[in-house]
Amino acid sequence: MEATANSFYQDKVVIRLIQFSVIWAVAAMAVGVYISAELVWPGIDFGQFWLSFGRLRPLHTNGIIFGFGVSALMATAFYSVQRTSHVTLYAPRLAWFCCYAWQLIVLLGGLSLLAGWTSSKEYAELEWPFDIAIAIVWVSFGIVFFGTIAKRKIRPIYISNWFYGSLIIVIAMLHIVNNLAIPVTLDKSYSLYAGAQDAVVQWWYGHNAVGFLLTGGFLGMVYYFLPKHAGRPIWSYRLSVVAFWAFVYSYIWAGPHHLHYSAIPEWVQSLAMGMSLILLAPSWATMINGIMTVSTAWEKLRTDPALKFIVLSLAFYGLATFEGPMMSIRSVNVVSHFTDWTVGHVHSGALGWNAMITYGTFYFLVPRLVGRELHSTRLANMHFWMALAGTMLYIMSMWAAGVSQGLLWLSVDQLGELSFGFKDIMASMTPYYLMRLVAGLVFLGGTLLMAYNLFMTLKGQQPKRASIPAVDPAYGMS
Amino acid sequence: MSADSATIKSIDSLILLKSLYQPLDTFEELSKTNPTPVHILMGYAVWLLILPPVFSLIGAANFGWRLGAAEPLYMTMDTLWVISLGYFAALAFGLISTAIISRWMASTYGANTSLGRHMALITIVGEPLAIASIAHLFPDVFVNVLVMIPTMIWSMYLLYKGIPIVLEIPPERGMLMASALVGWLLVAAVSLLGLSMTLWVMGVGPLLGV
């Protein structure tokens with residue numbers, strides 16, 4: 001029987017998304033390194049508005065989350081949903097539209113941030129024209145993903161698809177509700193919400209963007225690629241399903257823990273704190289599931305450098321998902337909030353968890369997509385140690401800086417007067433910021449090694465055509 | 001009885017000094033013994049655990065906590081004693097719980113389940129940190145960070161190298177187990193930070209306006 005286009009998975013779009021993801025990783029991490037240098041030498045903005053910390057910082061966060069993160073999530077979702085559904089992508093042209101339109105949004109959105117367009121909502125800084133464009137592309141992403149699931153040839157919907165599906169649905173809901181605004185000009189709009197309500201909606205968005213995009217989406221990656229890496233099924237499928245529903249239920253309440261001791265009602269703060277603590281259970285259920293899956297696959301470590309990244313990413317996932325609930329406790333938060341500990345916490349998740357799991361997945365996926373060995377295992381191993389060292393140094397420097405700040409600016413003398421001035425405290429943070437700059441450079445250096453390694457692996461290669469295997473009749477649709 | 005004495009004698013020579021300059025040989029020797037956990041804890045670990053709180057007490061009493069601001073933060077001797085005792089309790093809990101968790105993980109990774117060996121391994125891994133805590137004598141946070149971070153990297157190296165040798169498992173399996181333990185240790189470290197802050201807010205420690 002002659003093979004038709006429908007006999008092979010559509011992987012070209014996956015490769016292109018991975019390429020974009022790596023480009024954004026390098027660019028946005030370089031911006032992160034630059035702004036960390038600005039905190040040491042403030043003069044290096046050279047008096048240019050577009051080089052100021054206030055404009056480059058959202059460029060860094062948006063570039064990482066939406067450029068690097070979402071491109072990687074789209075790539076891995078398109079790859080895995082085909083394999084777990086035993087069909088090719090639904091509406092492949094729409095998938096290509098998602099790929100390129102998304103990159104255009106990140107590029108133009110980034111430039112608009114440099115130009116000073118901002119809604120001033122953290123992680124939702126892009127102004128209303130971009131918000132509408134994001135909604136259109138996101139819905140298209142959903143159509144491709146759920147369309148593929150709808151035409152699947154295998155009855156069960158594998159757990160990774162539940163996580164990717166929740167990512168698509170919840171982010172659409174959060175993005176649209178949080179960005180409802182009245183446009184005034186092309187580059188300015190006013191939020192539909194006011195005062196404390198605006199803050200609650202913003203952090204309902206902000207925290208659940210962390211939850212459903214940076215956690216849920218990447219858990220989808222874990223649940224598909226970790227068993228593939230390890231060459232064995234997930235340790236407990238039942239636990240993964242329980243963890244999914246517990247995760248979805250508890251995460252959505254936790255946002256107001258970003259607003260402790262603010263103008264929102266105290267019971268809302270306490271509820272958010274309670275739900276944040278409960279959240280530890282499903283988060284760690286997934287971590288244990290991952291660790292137990294990989295624990296019997298140790299022989300693979302001899303030949304597969306990618307697996308190391310995944311193992312370490314689970315350790316940092318464990319740390320970040322413990323640290324977060326702990327920092328949501330009001331008596332800890334009163335000291336930790338507005339300090340660099342929060343920045344360290346975010347990066348233990350972003351570098352240790354999100355970046356590491358993505359790197360491990362790319363090292364696994366790219367050679368398979370083009371049917372050749374990774375260009376250099378040695379470089380990948382070097383990258384691993386650089387990523388680990390960079391992450392550890394980053395976290396440690398921010399822990400020390402954050403605890404010092406919290407302690408210093410709450411210290412009072414016997415008369416109840418503040419002991420130290422804000423300006424003096426910040427001026428004394430230079431050594432930690434220098435250490436963080438080194439950490440960022442080491443981590444970025446590792447990412448550059450990966451970019452080179454993947455580029456050389458892909459160079460001159462056409463995507464390998466992967467055919468769709470037959471479905472086990474026990475799991476078939478009919 | 002004589003076998004026990006031989007075992008104890010053989011580990012006498014190794015833990016405190018030799019592990020500092022010949023850690024891999026020490027791990028090899030440890031893999032041939034089965035010390036009792038109480039012997040390791042009372043004979044070695046407790047003496048190491050006592051160092052950081054003592055250094056911290058002396059340092060804070062003489063120089064104050066130097067957190068980067070112009071004026072060091074001085075506390076009363078009573079407060080410093082409470083902090084040091086709490087520090088000792090946290091370190092003791094950390095060591096014992098890590099050894100117990102390490103043994104609990106052993107069945108998953110096919111490792112040796114002698115609690116004494118786990119306790120000895122964790123003691124050796126933590127020893128450089130305990131000795132480096134001499135930096136607490138001058139409690140400037142940045143000086144301590146500069147001393148403790150390289151020491152911590154050395155301790156992590158010892159953990160990754162030591163597990164497969166002492167617990168008799170292949171290096172790849174050891175890497176997985178060590179990473180799982182690193183996950184636990186990171187959580188323990190951040191718990192110590194959170195606990196400290198809660199205690200400060202409750203009024204134990206520096207005077208805070210909260």
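Me: Hi! Where is F338(A) placed?
Reply: F338(A) is in the loop between α11 and α12 (340-370) of chain A. Helices and strands here are DSSP runs numbered from the N terminus (helices are H or I with at least four residues, strands E with at least two).

Me: What should I know about the model and the labels before we go on?
Reply: This is a predicted model, where local features need pLDDT of at least 70 and side-chain atom pairs count only at pLDDT 80 or more, while totals for chains, interfaces and linings use all residues. Residues are numbered from 1 along each chain as its sequence is written, with chains lettered from A and ligands numbered from 1 in the order in which they are written.

Me: Okay, back to F338(A). What is its phi?
Reply: Phi of F338(A) is near 65°, which is positive in a residue other than glycine. Most residues other than glycine have a negative phi.

Me: Is F338(A) buried, exposed or partly exposed?
Reply: F338(A) counts as partly exposed because it has 13 C-beta neighbours inside 10 Å. With C-beta atoms placed from the backbone, a residue is buried if 20 or more others lie within 10 Å of its own, exposed if 12 or fewer, and partly exposed in between.

Me: What about S120(A), where is that?
Reply: S120(A) is in the loop between α3 (92-114) and α4 (128-150) of chain A. S120(A) is not a glycine, yet its phi is positive at about 70°. S120(A) has 9 C-beta neighbours inside 10 Å, so it counts as exposed.

Me: Zooming out, how many helices and strands are there in chain A?
Reply: Chain A has 15 helices and two strands. Of its 478 residues, 54% are buried, and its C-alpha atoms fill a box of roughly 85 × 50 × 45 Å along the principal axes.

Me: And what does chain B have?
Reply: Chain B has nine helices and zero strands. Its C-alpha trace spans about 55 × 35 × 25 Å along the principal axes, and buried residues make up 44% of its 210 residues.

Me: Let's look at a helix pair. At what angle do α9(A) and α10(A) cross?
Reply: The axes of α9(A) and α10(A) cross at roughly 165° and come within 10 Å. Here the axes are lines fitted to C-alpha atoms over the stretch in contact, with angles from 0 to 180 degrees between N-to-C directions.

Me: Now the two chains together. How many residues does the contact take from each?
Reply: The contact takes 40 residues from chain A and 34 residues from chain B. On the side of chain A that touches chain B, α13(A) gives the most, with 10 residues. Other elements giving two or more residues to that side include α9 (280-295) and α10 (305-327) of chain A.

Me: Over in chain B, which residues of α8(B) are buried?
Reply: The buried ones include F142(B), V145(B), L158(B), L159(B) and I163(B).

Me: What do the buried residues of α8(B) pack against?
Reply: They pack against elements of both chains: α13 and α15 (430-458) of chain A, together with α3 (23-30), α7 and α9 (171-201) of chain B. After α8(B) comes E168(B), whose phi is positive, near 55°.

Me: Last one: where does L137(B) sit, and what is it in contact with?
Reply: L137(B) is in the loop between α7 (115-132) and α8 (141-166) of chain B. Leaving aside neighbours within four places in sequence, L137(B) is in contact with F55(B), I58(B) and G59(B). L137(B) and V54(B) are 83 residues apart in sequence, and their C-alpha atoms are 8.7 Å apart in space. L137(B) counts as partly exposed, because it has 17 C-beta neighbours inside 10 Å.

How values were computed
Contact = placed C-beta atoms within 7 Å.
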